[in-house]
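Please read the points below with the sequence and the structure open beside them. They are notes for a colleague and go element by element.

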Amino acid sequence: MPGIPELLVILVIVLLVFGAGKLPQIGESLGKSIRNFKKAASGGDEIEVGRKRELERAREGEEDAEIVSPKSDKTK
């Protein structure tokens, strides 16, 4: 089991490679992966696919925005 100094070295290397902006996304992806692995290992049939759901919601939001506020060229 790694100690505190080893974890800090790993964190610094990850920070240098990916940058500070990507760390929350990496953590979230890692958490979802671990959660899905635990579900699959325990015999759960359904695996969460968060990114697919996010894309579907975004598409629905874009369609709603186009319906609610269509752009017109009358201002030119």
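1. Just after helix 1, glycine 19 has a positive phi of about 90 degrees. Helices (H or I, at least four residues) and strands (E, at least two) are DSSP runs, numbered from the N terminus.

2. This is a predicted model: local features need pLDDT of at least 70, side-chain atom pairs count only at pLDDT 80 or more, and totals for chains, interfaces and linings use all residues. Residues are numbered from 1 along each chain as its sequence is written, and side-chain values use heavy atoms, with hydrogens and water left out.

3. The protein contains three helices and zero strands, in the order α-α-α along the sequence.

4. How confident is the predictor? The pLDDT (the predictor's confidence in each residue, from 0 to 100) averages 75 over the protein, and 64% of the residues score at least 70. Confidence is highest in helix 1, at 90, and lowest in helix 3 (residues 50–68), at a mean of 65. Where pLDDT is low, the predicted coordinates should not be read in detail.

5. Helix 1 has 15 residues and spans 21 Å from first C-alpha to last, close to the expected 21 Å. The expected span is 1.5 Å times one less than the number of residues. Helix 2 (residues 23–41), with 19 residues, reaches 27 Å, close to the 27 Å expected.

6. Which residues make the nonpolar patch on the surface? They are Ile4, Leu7, Leu8, Ile10 and Leu11, with about 500 Å² of accessible area together. Patches are made of residues with over 30% relative accessible area and no salt bridge; like charges are joined within 9 Å, nonpolar side chains (Val, Leu, Ile, Met, Phe, Trp, Tyr) within 5 Å. Isoleucine 10 lies in helix 1 (residues 4–18) and is partly exposed, at 47% relative accessible area. Buried means under 20%, exposed over 50%, partly exposed in between (1.4 Å probe, protein chains only).

7. A search of the whole structure finds one salt bridge, that is, a side-chain nitrogen of Lys or Arg within 4 Å of a carboxyl oxygen of Asp or Glu. Its partners are lysine 32 and glutamate 28, at 3.4 Å, N to O. Both lie in helix 2, four residues apart, about one turn of the helix. An α-helix has 3.6 residues a turn, so residues three or four places apart point the same way. Glutamate 28 is partly exposed, at 44%.

8. Of the 76 residues, 3% count as buried.

Technical notes:
Accessible areas come from the Shrake-Rupley method with a 1.4 Å probe; for residues, only the protein chains shown count as cover.
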